[in-house]
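Below is a short report on the strands, sheets and overall dimensions of a protein model. Read it alongside the sequence and the coordinates.

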Amino acid sequence: MMPRWKGKGLQAKANADPMSKIVSQLQSSLIQFETRGLLSSCSVLVEVDAELADLLNRSCFGRPRITAQEDKQWFQLDMEEAFYLCFSLKCLKVIGEDGSIKSNEELWDYFKSKKLVFPVSYKVYSHLRHKNWVVRSGLQYGVDFVAYRHHPALVHSEYAVLALSEGDNDLNGRLRVWSDVHCTVRLCGSVAKTLLTVIVNSNNQVANSPSCLEHYTVEERTITRWNPERSREDQTGPKNGTKKV
Amino acid sequence: MATHIAPLRKLCRFLIEIGALHVLDGNDIHLSLKELYEKLSNGKSGCYWELFEVYKHLRSLGYVVGRHGIPWSVKGQHIKSGTCSLEGSQESNEMLEMEPKDENSVIELFNNMQITDVSPAFNVYLPNSKFRKSSPGDPSFVLYISRCSPPSRVEIEALERKHGAIPFKFCHVENGRVSFFSFAKTELPVLP
């Protein structure tokens with residue numbers, strides 16, 4: 001599936017403003033301002049000034065919270081986003097209830113306690129973010145994430161992502177039966193996205209600390225439905241398409 | 001699996017359904033479609049039904065569908081064909097005809113076929129006048145009929161090693177609905 005840019009000139013705009021650079025600027029600014037996040041249930045809240053708010057928006061981390069406050073803005077980060085900024089980019093520190101800064105190990109344990117599959121979902125999140133894709137929650141599409149080539153204002157997301165693990169300890173439980181494959185592929189097709197499964201192999205590492213992540217391996221696969229009625233003329237091979245049922 | 005009951009079964013059904021073949025029983029009396037269905041629904045024909053549905057679905061759309069592991073040509077000879085199946089060898093003295101003129105020339109297309117998740121069912125070629133039985137070439141894809149669950153990553157990797165450059169697809173049949181899925185390895189590019 002080709003990327004669908006939302007307007008003329010937007011692809012050029014995206015090319016002129018690479019996501020890697022925006023994220024890098026975000027990283028520098030967060031470090032410079034010694035930004036602290038507050039741990040709050042399954043989110044991390046950060047208070048930022050206008051410049052940082054702009055960078056968070058442009059790099060697609062977190063969601064702005066509407067408040068009456070004028071000089072500063074609050075952003076709410078998901079667990080994966082927060083951990084990426086803390087652990088991978090090392091530009092954010094998170095403070096717990098007791099006011100002390102949480103170490104990466106403490107954050108890891110905390111997020112795992114909130115979400116059993118956190119190690120797998122984080123590995124997938126960081127894997128795609130490392131490649132400079134924009135990764136957002138895919139909950140409204142019944143998947144784990146949606147991946148964009150650049151800012152969602154410029155381009156539609158191409159991939160609906162499921163973070164799967166393999167082996168006996170698979171907690172995700174998706175696509176184990178055909179009805180789930182049908183359902184998910186159909187839903188993805190109806191919103192013009194390709195279903196991407198990112199399969200994480202823990203290689204028998206126990207997820208005791210975030211250092212296990214570097215031993216995880218990742219494989220990407222797309223699952224698409226082939227429509228025999230639409231592929232008859234293609235001499236090079238069957239096209240992938242969504243079958244209208 | 002039964003050997004002498006299986007012959008004609010699936011291809012027969014297809015041809016009868018499209019009115020291209022009349023099946024005669026032992027007394028040279030035409031069997032109606034209903035009688036044929038009844039005959040064929042007994043015994044061990046259960047898993048053949050899915051194979052038939054898939055075969056019929058693709059054939060009626062014009063695809064060239066052959067049984068995996070069985071050669072296309074050579075009439076009347078006994079052929080021992082090797083097969084990629086992991087389920088053991090299958091005897092074959094069959095040939096495949098695209099449009100059988102009479103039931104004697106119809107092969108035991110589905111003889112001994114079982115649906116297993118490890119054994120490919122069909123080689124499929126696009127509807128394409130370039131297809132020749134004498135040199136069919138590589139199929140457009142190999143088709144597996146899935147019985148129970150979607151394939152795991154490990155199973156898919158094993159199949160990729162087995163088939164190399166030839167793509168394969170999985171087919172799921174339920175409630176008369178035939179759906180085809182591809183599980184393709186990919187790698188999202190690193191973006192700027």
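## Sheets and overall form

Strand β1 (residues 36–40) of chain A pairs with β2(A) in the antiparallel sense, over four bridges. The model is predicted. One of the residue pairs here is S40(A) with S43(A), its bridge partner in β2(A). The hairpin of β1(A) and β2(A) has two residues between the strands. In that hairpin, S41(A) takes a positive phi near 55 degrees.

Strand β2 (residues 43–48) of chain A also pairs with strand β4 (residues 73–77) of chain A. The sense is again antiparallel, now over five bridges. V46(A) stands opposite F75(A) in β4(A). V48(A) stands opposite Q73(A), also in β4(A).

These strands belong to an open sheet of five strands in chain A, in the order β3-β4-β2-β1-β5, with mixed pairing. Its edges are β3 (63–65) and β5 (93–95) of chain A; each has a single partner strand, so one side of each is left without a neighbour in the sheet. From one strand to the next, the twist averages 35 degrees. Helix α3 (residues 50–59) of chain A lies across β2, β3 and β4 of chain A. The helix runs at about 135 degrees to β2(A).

An annotation covers this region. UniProt, in an unreviewed entry, places the feature "domain: tRNA intron endonuclease N-terminal" at residues 36–108 of chain A. Over residues 36–108, the chain is 34% helix and 30% strand. The end C-alpha atoms of that stretch are 17 Å apart.

Ten strands form an open sheet with mixed pairing, in the order β6(A)-β7(A)-β8(A)-β9(A)-β10(A)-β5(B)-β4(B)-β3(B)-β2(B)-β1(B). β6 (134–137) of chain A and β1 (64–67) of chain B stand at its edges; each has a single partner strand, so one side of each lacks a neighbour in the sheet. With direction ignored, neighbouring strands of this sheet are turned by 30 degrees against each other on average.

Within the chain A part, strand β7 (residues 145–148) and strand β8 (residues 159–165) run antiparallel and are joined by three bridges. F145(A) stands opposite V161(A) in β8(A).

A helix of chain B lies across strands of both chains. Helix α4 (residues 153–163) of chain B lies across β9 (194–201) and β10 (217–226) of chain A, and across β3 (141–146), β4 (168–174) and β5 (177–186) of chain B. It runs at about 80 degrees to β10(A).

| Strand pair | Bridges |
|---|---|
| β1(A) and β2(A) | four bridges |
| β2(A) and β4(A) | five bridges |
| β7(A) and β8(A) | three bridges |

Chain A as a whole has seven helices and ten strands. Its radius of gyration is 19 Å, close to the 18 Å that the globule rule gives for 245 residues, so chain A is as compact as a globular protein of that length. The C-alpha atoms of chain A fill a box of roughly 65 × 50 × 30 Å along the principal axes.

How much of chain A is buried? Of its 245 residues, 49% count as buried. The accessible surface of chain A comes to about 11,800 Å², and 49% of that area belongs to carbon and sulfur atoms. Among contacts in chain A between residues at least 6 apart in sequence, 57% join residues at least 24 apart.

Note on methods: Residues numbered from 1 in each chain as written. Chains lettered and ligands numbered in written order. Predicted model: local features only at pLDDT ≥ 70, side-chain atom pairs only at ≥ 80, totals over all residues. Heavy atoms only, no water. Pairing = 2+ DSSP bridges. Axes fitted to C-alpha atoms, helices over the stretch in contact; angles between N-to-C directions. Contact = heavy atoms within 4.5 Å. Rg over C-alpha atoms; globule rule 2.2 N^0.38 Å. Buried < 20%, exposed > 50% of the residue type's maximum accessible area, 1.4 Å probe, protein only. Areas by Shrake-Rupley, 256 points an atom, 1.4 Å probe, with all protein chains shown as cover. UniProt positions renumbered as here; feature names shortened; annotations may be inferred.
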